[in-house]
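Subject: Structure handover

Hello,

Here is the structure you are taking over. Please open it alongside this message and follow the residue numbers as you read.

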Amino acid sequence: MRLAVFDSPEQVAEAAAERIAACVAAKPSAVLGLATGATMDGVYRALAARLRSGALSLHEATTFNLDEYIGLAPEDPACYRATMTRLLFRYCDLDPARRHLPRGDAADPEAEATRYEAAIAGAGGLDLQLLGLGRNAHVGFNEPGSPADSRTRVVRLCETTRSVNRAHFPRGRDVPERAITLGIATILEARALLLVAIGAVKRAPLQRMLEGPPSPDCPASLLLRHPDLTILADRAAAGGESGAP
Ligand code: GLP
């Protein structure tokens, strides 16, 4: 595991975009695992700037997002597909047929999860998985209790997660109770992991993740077994002046 600590959230976002761009430069047909959440806004801003300037092309790349709410159609502005379109897809030359997210409106969500897992394998697996960190140390929507051998599946969201994510929904709309998420084992199969943590609110979950011991109670800690895990954090998340938690 490598931990890099930066002074500002903007520097973290730049470093994350740089890592993604380097992955695509080394392998233009890279399969990227993408994430959502406020942490990723700056990362996608930095990527969009590279796409607009022509410094980066996703022309041959394929993307798979980590998760999606169940019950939301792809055109729903609150769903993660809409978020990805707003923040990244509309700026890029990525083939729409190779922008993958689970279908939140699938008639059979379990079957959709199985199909999604197979689609990732069919694309040759993930070259780089981008990850945020939930306040309860969830990754994707793998809430506490998610086992290390979990696969892409339907999950029930914790009330804390639903209340935090309410900020991303229009007033009066409820956050869905369930989602489809890549499993921990699916994430661990990516060839490299890039976890981004920004802000004081991520200090406690990052500390729990790093202090161990790895346990399903702290899903992010299960990623520590990955041989190529990079964590990018700002000082607020990493714990003050020392630069390390
Ligand atoms: C959501 C996403 C997670 C993400 C988390 C953190 O719950 N499903 O993948 O890591 O939010 O979000 P934020 O970056 O807004 O703190």
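This is a predicted model: local features need pLDDT of at least 70, side-chain atom pairs count only at pLDDT 80 or more; totals for chains, interfaces and linings use all residues.

Residues are numbered from 1 along each chain as its sequence is written, and side-chain values use heavy atoms, with hydrogens and water left out.

**Sheet**

Seven strands make up an open sheet with parallel pairing, in the order β1-β10-β9-β6-β2-β3-β5. Its edge strands, β1 (2-6) and β5 (99-100), each pair on one side only. Strands here are DSSP E runs of at least two residues, helices are H or I runs of at least four, and both are numbered from the N terminus. Two strands count as paired if DSSP finds at least two bridges between them. Strand β9 (residues 193-197) is joined to β10 (residues 229-234) by five bridges in the parallel sense, and L193 stands opposite L229 in β10.

Helix α2 (residues 38-53) lies across β2 (31-34), β6 (128-131) and β9, and runs at about 130° to β6. For that angle, axes are lines fitted to C-alpha atoms, for helices over the stretch in contact, and angles run from 0 to 180 degrees between N-to-C directions.

**Core**

A nonpolar core is a set of buried Ala, Val, Leu, Ile, Met, Phe, Trp, Tyr and Cys residues joined through side-chain atoms within 4.5 Å. Buried means under 20% relative accessible area, exposed means over 50%, and partly exposed lies in between (1.4 Å probe, protein chains only). The largest such core has 77 residues, and the members that touch the most others are L32, Y44, L58, L130, L195 and L223. Helix α1 (residues 9-26) gives the most to this core, with nine residues.

Contact means heavy atoms within 4.5 Å. The contact lists below do not count residues up to four places away in sequence. Y44 touches L34, A35, M84, L87, L88 and L130.

I20, in helix α1, is buried at 3% relative accessibility. The contacts of I20 are L32, V43, L47, L128, L130 and L194. The C-alpha atoms of I20 and D127 are 10.0 Å apart, although 107 residues separate the two along the chain.

N65 belongs to strand β3 (residues 62-65) and is buried, with a relative accessible area of 0%. Among the residues that N65 touches are L34, A35, M84, H100 and Y116.

T152 sits in the loop between β6 and β7 (153-156) and counts as buried at 8% relative accessibility. Its side chain makes a polar contact of 2.6 Å with that of E117. A polar contact is a pair of N or O atoms within 3.5 Å; within protein, one must be able to donate a hydrogen and the other to accept it, and residues adjacent in sequence count only if both atoms are side-chain atoms. T152 is also in contact with other residues, including A113, Y116, I180 and T186.

**Cysteines**

How many disulfides does the structure hold? A search of the whole structure finds zero, a disulfide being a pair of cysteine sulfur atoms within 2.5 Å. C79 is buried at 0% relative accessibility. For C158, the closest cysteine sulfur is in C218, at 13 Å, also too far for a bond. C158 is partly exposed, with a relative accessible area of 25%.

Regards
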